[in-house]
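Here are a few notes to read alongside the model, for anyone opening it for the first time. Take them one by one and keep the view open as you go.

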Amino acid sequence: MPRVQDLGITIGLGVPGPLNAITDVPGVRVGHATINADLADGCAVRTGVTVIEPRPGHARQSPCFAGVHVLNGNGDATGLEWVREAGLLTSPIAFTNTHSVGVVRDSLIALEREKLPPDDKAVYWSMPVVLETFDGLLNDINGFHVKPAHVRQALLAASAGLPQEGAVGGGCGMICHEFKGGIGTASRRLPAEQGGWTVGAIVQANHGKRESLLVGGYPVGRYLADAHSPFDAQLPHPGMGSIAVTLATDAPLLPHQCARLAQRASIGIARTGGGTEDSSGDIFIAFATGNNGLPLADYASKGAFTTPLLMVNNNHISELFAAAAEAVEEAIINALLVANTMVGHAGHRVEGLGAEQLLVALNKAGWRPGKAVARS
């Protein structure tokens, strides 16, 4: 399926990395386990798990600085309070559906335990980061179909290549701007004179009203309302849902700077016409791999009293903020473009946003290939 840049649509002024994905940040890996099945009892299962590994190897043994931002709290997550307090990410990050947060969290702990050496006698505790969005219109969410085996499958599938997008992993049953949504990713790489760092984003997009959709600043939503049959699984409130965002960078950011980077996901969401709904849980985490050798997340040996660190000076951080906003903006549109029409639980049908439909709407809104974005 075509992505944004395959259609000649330019989002912002930044330059994507080679994959235009979060995996352009060295060491980051993404894996999915997708559950797409029709059961004998008539239930449709459209769900799954997505995992993001911040560094090669065991995350607990190689933590990185991280920060969190909540745009709207009608959602849930695990592990974020310790990230806020300590500024460290010590686990993979997982996306799943609202009612599977617990099993994914517990499974990540159990799988991490398996990796510990048999002679490791350290006092063990773990608070992995799991984010959620609600897929209960297309998925039999109360059937609790995500199992520990799916979390293991996602971890085993994690790779540094271009991640699958659309209706995969945790995004299998998600809806975005009343079209089929799901997983999307993008990246921006700064030029050498601005540090040469990369910022990558991956989203689980399950938010927004159709009429409010913007692409490159153009109000395409108003031209898509009648593009095909109305969304038949009517939402109790148009625009309800959530978006989970993970940002990664190889820049040497400190925890408070990671939190500032996470805030800029809000700008990318706003540029696509989202971020204004009471019924949307919009929770973001950003991590930075630019500092190595941070203290391990255990107390078996206290080690040195200090750790030498690098940090990006604030007078050079704005470019990273701009990169984060653009990457999130493009990741959302990628999620929409790649996700196909889906029929799910109770026969609910959600149409995919086809590339041709989007281009027609863009042209009606005044866009032409090569034309600058219509930023307000």
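1. One term before we start: two strands count as paired if DSSP finds at least two bridges between them. Also keep in mind that this is a predicted model.

2. Begin with the hairpin of β1 and β2. Strand β1 covers residues 29–38 and runs antiparallel to β2, with 10 bridges joining the two. Five residues sit between the strands, and one to look at in this hairpin is glycine 42, which takes a positive phi near 95°.

3. Now stay with β2, residues 44–53. How many of its residues are buried? The count is 10 of 10, so call the strand mostly covered, taking buried as under 20% relative accessible area. In a regular strand the side chains alternate between the two faces of the sheet. Here both faces are covered: Ala44, Arg46, Gly48, Thr50 and Ile52 are buried on one side, and Val45, Thr47, Val49, Val51 and Glu53 are buried on the other.

4. β2 has another partner too: three bridges join it to β6 (residues 93–97), and this pair is antiparallel. Threonine 50 is a handy landmark here. Histidine 32 stands opposite threonine 50, and in β6 the bridge partner of threonine 50 is phenylalanine 95.

5. Next, find the open sheet of six strands, ordered β5-β3-β13-β12-β11-β10 with mixed pairing. Which strands stand at the edges? They are β5 (88–89) and β10 (182–189); each has a single partner strand, so one side of each has no neighbour in the sheet. Further in, β3 (residues 64–73) and β13 (residues 280–288) run antiparallel and share eight bridges, with glycine 67 opposite alanine 286 in β13.

6. Two helices lie across strands of this sheet. Helix α5 (residues 255–263) lies across β3, β12 and β13, at about 40° to β3. Helix α7 (residues 318–338) lies across β10, β11 and β12, running at about 145° to β10.

7. Finally, have a look at glutamate 165, in the loop between α3 (148–157) and β8 (175–176). Is this glutamate buried or exposed? Its relative accessible area is 9%, so glutamate 165 is buried. What does its side chain reach? There is a polar contact with the side chain of arginine 3 at 2.7 Å, and the backbone nitrogen of threonine 185 is reached at 2.9 Å. Leaving aside neighbours within four places in sequence, the residues in contact with glutamate 165 include Ile183, Gly184, Asn334 and Val338.

Notes
Residues are numbered from 1 along each chain as its sequence is written. This is a predicted model: local features need pLDDT of at least 70, side-chain atom pairs count only at pLDDT 80 or more; totals for chains, interfaces and linings use all residues. Side-chain values use heavy atoms; hydrogens and water are left out. Buried means under 20% relative accessible area, exposed over 50%, partly exposed in between (1.4 Å probe, protein chains only). Helices (H or I, at least four residues) and strands (E, at least two) are DSSP runs, numbered from the N terminus. A polar contact is a pair of N or O atoms within 3.5 Å; within protein, one must be able to donate a hydrogen and the other to accept it, and residues adjacent in sequence count only if both atoms are side-chain atoms. Contact means heavy atoms within 4.5 Å. Axes are lines fitted to C-alpha atoms, for helices over the stretch in contact, and angles run from 0 to 180 degrees between N-to-C directions.
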